[in-house]
Amino acid sequence: MSIDLESLRRSLLTNPPVGEAVVEDGATNANLTPAAVLFPIVRRAAGHTVLLTQRTAHLRDHAGQVSFPGGRVEAVDASPLATALRETEEEIGLARRHIEVLGYLPEYRTGTGFCVVPVVAAVTPPFDLTPDPFEVADIFEVPLAFLLDHANHQRHSVHLRGALRHYYAMPYDGHFIWGATAGMIRSLSERLVVS
């Protein structure tokens with residue numbers, strides 16, 4: 001599967017979403033914490049990849065999970081884009097000059113109480129990364145074509161807070177990509193299918 005970034009750009013929202021959302025199983029609309037993430041697609045000659053992080057095991061939220069760089073909206077952030085860029089720089093040291101925004105995905109409302117705006121961007125190498133050792137245990141790349149292929153999207157279930165919850169997972173090379181991260185990847189793949 002060859003992914004053309006211009007086709008991908010045409011499938012995205014041009015502005016941060018208003019009212020359009022993907023709601024994770026078990027999520028509610030009450031008291032959601034605003035957040036934003038960068039969905040970084042690295043331009044590689046052998047095929048585009050997605051840059052992901054493994055969170056450290058001691059964090060309060062989503063400890064040890066695979067995630068996109070990003071986090072809560074702070075008072076200093078003028079927009080979801082500002083949040084995504086600030087958090088990316090803080091977490092992995094990726095300089096903004098390497099990042100070209102392609103567009104936005106619908107908000108992703110999580111069962112853990114976050115309303116996340118995914119900012120999809122192309123990242124141009126070469127770049128240096130400096131992970132924040134408090135937040136980031138590992139940084140790795142996964143082929144974009146693998147992540148967007150529905151054949152690699154597994155459905156899982158877990159009993160959580162007294163109810164059966166369903167989620168997507170995309171295991172790759174020893175990494176278990178699941179939950180909100182997998183849900184946002186699935187959101188992009190579905191937009192590409194219908195656009």
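**Entry 1: the loop around Pro126**

I looked up Pro126 and found it in the loop between E8 and E9; helices (H or I, at least four residues) and strands (E, at least two) are DSSP runs, numbered from the N terminus. The peptide bond that joins Pro125 to Pro126 is cis, and its omega is near 0°. For background, I noted that most peptide bonds are trans and that most residues other than glycine have a negative phi.

**Entry 2: the source of the model**

I recorded that the model is predicted, that local features need pLDDT of at least 70, that side-chain atom pairs count only at pLDDT 80 or more, and that totals for chains, interfaces and linings use all residues. Residues are numbered from 1 along each chain as its sequence is written, and side-chain values use heavy atoms, with hydrogens and water left out.

**Entry 3: Asp173**

I then turned to Asp173, which has a positive phi of about 50° although it is not a glycine. Asp173 sits in the loop between strand E11 (163–172) and strand E12 (175–178). Is Asp173 buried or exposed? I found Asp173 exposed, with a relative accessible area of 68%. Here buried means under 20% relative accessible area, exposed over 50%, and partly exposed in between (1.4 Å probe, protein chains only).

**Entry 4: helix H2**

I followed helix H2 (residues 80–92), which has 13 residues. From its first C-alpha to its last, H2 reaches 18 Å, close to the 18 Å expected at 1.5 Å a residue; the expected span is 1.5 Å times one less than the number of residues. I listed the buried residues of H2, among them Thr83, Ala84, Leu85 and Ile92. What covers the buried residues of H2 includes strand E3 (49–55), strand E6 (99–104) and strand E9 (136–143). Just after H2, Gly93 takes a positive phi of about 75°.

**Entry 5: Glu107**

I located Glu107 in strand E7 (residues 107–109). Glu107 is buried, with a relative accessible area of 13%. Which residues is Glu107 in contact with, leaving aside its neighbours within four places in sequence? They are Pro17, Glu20, Ala21, Val22, Cys115, Val116, Val117 and Pro118; contact means heavy atoms within 4.5 Å.

I placed Asn152 in the loop between helix H3 (144–148) and strand E10 (154–160). Leaving aside neighbours within four places in sequence, Asn152 is in contact with Phe146, Ala169 and Met170. Asn152 and His175 are 23 residues apart in sequence and 13 Å apart in space, C-alpha to C-alpha. In helix H3 I also found Ala145, which is partly exposed, with a relative accessible area of 24%. The C-alpha atoms of Ala145 and Leu94 are separated by 23 Å, and the two residues are 51 apart along the chain.

**Entry 6: the whole protein**

Lastly, I counted four helices and twelve strands in the protein. The radius of gyration is 16 Å, close to the 16 Å that the globule rule gives for 195 residues, so the protein is as compact as a globular protein of that length. This radius is taken over C-alpha atoms, and the rule is 2.2 Å times the number of residues to the power 0.38. I noted that buried residues make up 48% of the 195 residues. Among contacts between residues at least 6 apart in sequence, 66% join residues at least 24 apart.
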